[in-house]
Amino acid sequence: MRDFDILHLAILFVIGFFGHTYGFVLNDILDYKIDKKNKELSDRPLISGTISLNKALIFAIISLIVSFSLAVYYAYLTKKYFPLLILATSAFLITIYNAISKKWPLMDIFDSVAVFMLILYGSTTVTGYILGVTNLAWLVCVLGAIQVFFMQLVPGGLKDIENDYRTGAKTVAVKLGVRVTDEKKLIVPTFYKIISYLIQIVDISLVFLPFYFIFIVREHIHYVIWILLSIVGLLMIFVTHKFLTMKKFERAKMRKLLGSHFSINFALVPIMLMALNPWAIIIIIFPPNWIYFIKFDTSWYIITAKNYVIDIF
């Protein structure tokens, strides 16, 4: 949206941060009974009892309140209140997703649309209404939705397939025949693989689209961007291939691949936006390397952006 006001961007970052926190914590709360049956998830805070369900719920609600309080504050400063409706829609959709994601297949669409609306919210805080949103911003909304849909459908679906299959969760992966045998053999049907690769190809193709109808005048930076996007695209397909061709189900390995794919996938949009501002590439450095210090009761947990607990002291 060509808004480079650092205060505005910082506020949006915090709103998005706490909005995502609400969604992830709520997901863990609602999946508690299912996750409790999986021994491999016994180290999770809720499953291990490090954090009670009540405290987790309070934490989720506080995160949601902080996110909306900042959004209301910014709306008051700018006198642009319509974006609040879009943000509320995003929060509503992510709540619905968390409540029904394991009950019916293809519910990942709610999560994807929620992210679409969250990005759209950020865009409308500049214009105050939908009509002023640029074509590039709309494309980023679509890319964000597709990336989340893929992450939930493939890496997320395969990572949890053993538990989902055993407990009868109605996810797309389970419905399409993905399963784990008693010998820990991972079975991935061809149709599931085709869908996975297809979504990946669409995602990668869309990041080249702006160079045909937005950034038409060729600059030297565009050729650098194309090379970088091609490299990232190939890496994404490679990691996806690793996911889909695993012979034996190893959840620890799945989690590592998920973290790698997240970092690679995240790089696509910032690299594309280098055409708008070359410094956008700096953004891709942070998410894989961010470290958060979070205190639960009397213990401090060092948690990376990939959601792995590194150490406790």
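Gln200 sits in helix 10, which covers residues 190-206; helices here (H or I, at least four residues) are DSSP runs numbered from the N terminus. The model is a predicted one, in which local features need pLDDT of at least 70 and side-chain atom pairs count only at pLDDT 80 or more, while totals for chains, interfaces and linings use all residues. Residues are numbered from 1 along each chain as its sequence is written, and side-chain values use heavy atoms, with hydrogens and water left out.

Is Gln200 buried or exposed? Gln200 counts as buried because its relative accessibility is 0%; buried means under 20% relative accessible area, exposed over 50%, and partly exposed in between, with a 1.4 Å probe and protein chains only. Its side chain makes a polar contact of 2.9 Å with the side chain of His261. Such a contact is a pair of N or O atoms within 3.5 Å; within protein, one must be able to donate a hydrogen and the other to accept it, and residues adjacent in sequence count only if both atoms are side-chain atoms. Leaving out residues up to four places away in sequence, Gln200 touches Phe150, Met236, Ile237, Thr240 and His261, where contact means heavy atoms within 4.5 Å.

Helix 7 (residues 135-159) comes next. From first C-alpha to last, its 25 residues reach 35 Å, close to the 36 Å expected at 1.5 Å a residue; the expected span is 1.5 Å times one less than the number of residues. A kink of about 30 degrees is found at Met151, shortly before the proline Pro155, the bend being the angle between axes fitted to the seven residues ending at a residue and the seven starting there. Helix 7 is mostly covered, with 21 of its 25 residues buried.

Helix 4 can be looked at in the same manner. Its end C-alpha atoms lie 38 Å apart, which agrees with the 38 Å that its 26 residues should span at 1.5 Å a residue. Buried in helix 4 are Ala56, Ala60, Ser63, Ser67, Ala71, Tyr74 and Ala75. An α-helix has 3.6 residues a turn, so residues three or four places apart point the same way. The cover over the buried residues of helix 4 includes helix 1 (6-30), helix 3 (45-48), helix 5 and helix 6. Just after helix 4, Lys79 takes a positive phi of about 65 degrees.

Which helix supplies the largest share of the lining of the largest cavity? Helix 4 does, with four residues. The lining consists of Ala71, Tyr74, Ala75, Thr78, Lys80, Pro83, Leu84, Tyr121 and Thr125, and about 50 Å³ of space lies inside. On a 1 Å grid over the protein atoms alone, a cavity is a set of points where a 1.4 Å probe fits but cannot get out, and a pocket is an open set with protein on both sides within 12 Å along at least five of seven lines; lining residues have an atom within 4 Å of a point. Grid points are joined across faces, edges and corners, and a volume is the space filled by probe spheres set on the points.

The second largest pocket has a volume of about 150 Å³. Among its lining residues are Ser101 and Lys102, and helix 5 gives the most to this lining, with three residues. Ser101 and Lys102 are also in contact with Thr171, as are Pro105 and Asp164, neighbours within four places in sequence being left aside. Thr171 lies in the loop between helix 8 (161-167) and helix 9 (172-175).

Note on methods. Helix = DSSP H or I, 4+ residues; strand = E, 2+ residues; numbered from the N terminus.
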